[in-house]
Amino acid sequence: MFNILYNRDIGINLHSFLLPEPVKDVGEYGAIPTTGLTSGHQGCTGCGMVTGTNQALRALKLMGKHVVASIGTGCNEVITTQNTSCWGETSVDHNNFPNTGATLSGNIAALKALSRAGAVSPERFVNLGIAGDGGTYDIGLQALLAWIARGEDGIYICLNNQAYMNTGIQGSGATPYGANTSTTPFGKVVHGNQRSPQYLPDLALAAGASYVATACPLHHRDLMIKVQKAAAIEGPCVIELYSVCPEGWKSETDVFHEITELALDSRFWVLYEGERDRAGNNVLFTLNYLPKRPVSALEYLNLQERFSGMRQLGDMVEHAQALVDARWSFWKPVLEANGLERKEVGYEA
Amino acid sequence: MRHDLVIRVAGESGEGIITIGETIARIAAREGLSIVTFRTFPAEIKGGACMIQVRVSDGKISYHGEKIDFLVCLNQDALNENYGDLHELGALLCEAECDLPEEKSPRTVYRVPFERIAVREIGSRISKNIVVLGTLSQLLDIPVKSIEAFLAEKFAKKSKAILDHNIDALQRGIRFAREKLGGTSGFKYPSGKGDRRLLMTGNEAIALGAAGAGLKTFFGYPITPASEIMEWLAVHLPKMGGKVLQTEDEISAICAVAGASWAGAKAMTSTSGPGLSLMSETLGLLSMAEIPAVIVDSQRGGPSTGMPTKTEQSDLLLALYGSHGDSPRAVLAPTSVGDCFQLTGLAFDLAEKYQLPVIMLVDQALSARLETVDPELVKQPPAVTRLSVQPGADGGYVRYRLNESGISPVALPGTAGGEHMVTGMEHDELGNFACDEETHTAMTVKRYRKLQMIGNDPLTRGLSLHFGDEKAEIGIVTWGSTAGPAEDAVRLAASMGIAVQAIVPKILNPLPHEELKRFFARVKHIIVPELNFTGQLASLLRSTYRVPTISLTKIKGVPLEPSEIVDKIIEAQESLSVRSEKRYGRAG
């Protein structure tokens, strides 16, 4: 349990009470040529996670860090390591499917031991774990939560495309309610995924994470600032990226932007962060994006054929809306503190 | 005379390559022909090279064919990659702009501007594969009506406009072949006998076999190349009153199987090597607690994440021994799609009857292979159910009773008077923890006795495949999907005047001892072809029977080819003749 505190300000947040000074905004670095992922990846057209990974790596490189990445099996691993590596000067360790958290611990232990022996200076490095939603919510959860519980320094990024896309679109613990996947097929009796998804920031905070955040490649400044904060904050930091997947979501390949905007405005995906004050047992929550216009759940579901079955069923759409509304109600104090009428943010929908 | 045709279609994944191959296969199956296919998958999610090979025959076949009679290539990369496998008298149908390697072989080449026809004339690139299908059907003289009927069924749920669009594409392909390519080629599609045959993949056959055997609960975790089993069951098992649950990992899947089976429902999981590795500890629990379970391992290139879309037979020793301690389990290895169906039924029967885990080893090539199945084969005998007790009859229930048969009757949870403890700890007859030497010895012997009984059970008798000449001095022992190329190799060797005999046991634990011993007594050389680096079956045979073996291994991610086995046969033949020369002296 922890006390919940709210940051009254809504929007991109360079500050953290855990840091002596704010992190730099992306523009402040000037024209430093940095590449995150190098060319040659084999992601599908319209894939969101390549862009997200690229932005995260770029953010860390701008800080001058050498990135030691442990990447779990998944789409991202497959598409960046086929024939040629796209990781440039990053040190990459592709581990087993369940082990991303554990490998992070191994790397951190080595870094400590080597720095004690005077072989390396720890400030030069950043420990980065990257895994998909299957490798995070399902098979990798034990290792991830154990790593967080150990309180070790590092960043864990979950590239959430909401199912096992690489192996043929099987549902995962992050698959949205009602989605049609090959293991949650939409049939006459059972209508797609009947479970509601879990939420990584909740799980990570419960395990003791220092910093949690959600982000999306469409808002790259927000994403990169969050990654930089995570690199600077001591202890385990967990960031979840919204990763558009045309192949698995059965969406067009050129609506990356539209789908993300609808996700944010319908509040299916909320951009926020949480910072832990261990001494006071508080977590300070900041809402980083205020939906621009009220958008119903149905509008978000419309662009993706994986929801084509449930869209026809009023009860299911209502339930999906109720899940969204329930989660959004968390931010009520912030909205009220800002004098925002319910209508303006559309949360009476 | 037997009529065989090997067709390969190659191009970019997403172009409908597989649809072309599958359409040919399905039409052939409807006409009573035999089909075996082989397909490769790109490691990428979308895009990348892919191909499907279809062997059509009016005789019995068990392998997808080595040299290609008719090759279809939709781009230059596909041509470069596949041209070497084309028979020297074969024919090539390719995209008009492709460059051909220089060579002298009298191969026939048909060039068609498929891309242009699809994009310019029809106005949709995705119709390209149907144009190809049209040209191909004309060149091979496949009846147009059968293709049209097939398309009509395929698009039955779509609008008439979509069907008309596809028929138009088909007709344009046919017209091009008639007007510009001179109609039919010299290659003729075998004519069918009329009796429709079933066509399914190995994974479908396993899922169907499990459902037919009375599977009630399935637990699994996505993994290539086994996922289709779970996907098929996710759609169909609930309709049959069963339950499918996707768990968070393989450890959870097999533990859920243990729970469901202990509670009385037939339970199964399917996975690939990495998953079986994770399941190893629980394999021991299933042995120790004597819980029936069926585990399917569709092997892929290993170790670790390895080569997920490539085939290999490198999990044999893991299946046999994986887990700490002495943990007996039965291991079955289907050789064909028909076997996948039948042996799944047998796996349940053995698991239920002997209360132990049964692992079924297939591989990527067999899992994904489309093959015709004789409808007679998909009739299962009545399923065996586990020996249950009416508690109280003999004054108190004893779960692990040491009786003569070694099989202790089961009382399901909730049976009044049958309450008991099941544990992974070593236990006495009542299920209470006991670690004295007598108990551990008696219980280990009890658990291993079951393997002996399985070996003697009529259920496992006559399971092995035999082919070739029983008088031959050269023998082949192989397993799983390598049976197909081995059978073709035996035939090929016979045509070269070399007598060979082969045995393919379909149960690998316990091995069919008597049958194998008789086989070893008949032959002088034992060639063991298999798809792994270390020669796992060969080493098992050496250690079990103390026989010398000639190991033939391959780890290229694709099945062995008959000619590779024949090369080994010729080597063995030469050493035999050297020996007889030594014995009798050189003539003349």
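## Domain arrangement in chain B

In this predicted model, the C-alpha centres of domain 1 and domain 3 of chain B are 36 Å apart. Domain 1 of chain B contributes four residues to the contact between these two domains, and domain 3 of chain B contributes nine. On the side of domain 1 of chain B that touches domain 3 of chain B, two residues are nonpolar, one is polar and one is charged.

The division of chain B places domain 1 at residues 4-180, domain 2 at 199-378 and domain 3 at 465-584.

## Confidence

Chain B has a mean pLDDT of 93, with 96% of its residues at 70 or more. For the complex, the predictor reports an ipTM of 0.90 and a pTM of 0.93.

## Interface between chains A and B

The two chains meet through 19 residues of chain B and 27 residues of chain A. Within the side of chain B that touches chain A, helix α8 of chain B (residues 227-236) supplies the largest share, namely five residues. By residue class, this side of chain B comprises nine nonpolar, five polar and five charged residues.

## The sheet of chain A

Chain A contains an open sheet of nine strands with mixed pairing, arranged in the order β1-β9-β8-β6-β7-β5-β4-β2-β3. Strands β1 (3-6) and β3 (91-94) of chain A form its edges, each pairing on one side only. On average, neighbouring strands of this sheet are turned by 20° against each other, direction ignored.

Within the sheet, strand β6 of chain A (residues 211-215) and strand β7 of chain A (residues 236-242) run parallel and are joined by five bridges. In the β7 strand of chain A, A:I239 is the bridge partner of A:A213.

## Helices across the sheet

Helix α1 of chain A (residues 48-62) lies across β2 (66-71), β4 (125-132), β5 (154-160) and β7 of chain A. The direction of helix α1 of chain A is at about 165° to that of β5(A).

Helix α3 of chain A (residues 100-116) lies across β2, β3, β4 and β5 of chain A.

How values were computed
Residues are numbered from 1 along each chain as its sequence is written. Chains are lettered from A and ligands numbered from 1 in the order in which they are written. This is a predicted model: local features need pLDDT of at least 70, side-chain atom pairs count only at pLDDT 80 or more; totals for chains, interfaces and linings use all residues. pLDDT is the predictor's confidence in each residue, from 0 to 100. Two residues are in contact if their C-beta atoms, placed from the backbone, lie within 7 Å. Helices (H or I, at least four residues) and strands (E, at least two) are DSSP runs, numbered from the N terminus. Ala, Val, Leu, Ile, Met, Phe, Trp, Tyr, Cys and Pro count as nonpolar, Asp, Glu, Lys and Arg as charged, and the others, Gly among them, as polar. Two strands pair if DSSP finds at least two bridges between them. Axes are lines fitted to C-alpha atoms, for helices over the stretch in contact, and angles run from 0 to 180 degrees between N-to-C directions. Domain bounds come from an automatic or database domain assignment.
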